[in-house]
Amino acid sequence: YAVVFREGWHPPEAPEGSGLELRWSMKSGHISFVNPKQDVELTLELDQPANVFPVAQHIEIRAGESVVDEFDLEPGPPLVRRIALSPSQLGEGNTVDLAVVADKTFVPAKFASLQSSDTRQLGVRVFRAFVQPKQ
């Protein structure tokens, strides 16, 4: 099932020569997908490449007010996170809306070590997001 990036995301970027498209979240980025009304697995490939925090970011995946998954994201290579979701967590609607919430964000231009003029508020960087029926 295709995942749609809604509010809370910066426009897609494709680093030169990488062949990859990625998106940076703000503090809270919403994703949605058609509700399959069965057990599914949400796969997120994400990272925190800039070593700007002395400790890991704490990430929550929320369905409405409920936290359906939470984990710590260390700076470094991308993490593939697989999240099992039950029909009750997906709700009754035709569309599922989830929020990817970072406890900390940063503005690259405020860190001299990054030598960046980027003034956006950045949370986490997402390379892939997709939903599939649970095996």
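Modeller: Happy to, and remember that this is a predicted model. Glycine 29 stands opposite valine 100 in strand 8.

Colleague: What makes strand 3 and strand 8 (residues 95-102) a pair?

Modeller: Pairing takes at least two bridges. Strand 3 and strand 8 have seven, in the antiparallel sense, so they count as paired.

Colleague: How do you know that strand 1 (residues 4-5) and strand 3 pair?

Modeller: Two bridges join them, again antiparallel, and at least two is what the definition asks for. Valine 4, for instance, has serine 32 in strand 3 as its bridge partner.

Colleague: Why is strand 3 (residues 28-34) called mostly covered?

Modeller: A residue is buried when its relative accessible area is under 20%. Five of the seven residues in strand 3 are buried.

Colleague: Why do strand 2 (23-24) and strand 7 (79-85) stand at the edges?

Modeller: The open sheet of four strands is ordered 2-9-4-7, with antiparallel pairing. Strand 2 and strand 7 each have a single partner strand, so one side of each lacks a neighbour in the sheet. Within that order, eight bridges join strand 4 (residues 40-47) to strand 9 (residues 125-133), and valine 40 is partnered by proline 133 of strand 9.

Colleague: Which residues touch the most other members of the largest nonpolar core?

Modeller: Among its 25 residues, they are Leu42, Leu44, Ile61, Leu85 and Leu98. Apart from this core lies another, of eight residues, including Leu22 and Phe127.

Colleague: What is isoleucine 61 in contact with, beyond four places in sequence?

Modeller: Its contacts include Leu42, Leu44, Phe71, Ile83 and Leu98.

Methods. Residues numbered from 1 in each chain as written. Predicted model: local features only at pLDDT ≥ 70, side-chain atom pairs only at ≥ 80, totals over all residues. Heavy atoms only, no water. Buried < 20%, exposed > 50% of the residue type's maximum accessible area, 1.4 Å probe, protein only. Core = buried A, V, L, I, M, F, W, Y, C linked by side-chain atoms within 4.5 Å. Contact = heavy atoms within 4.5 Å.
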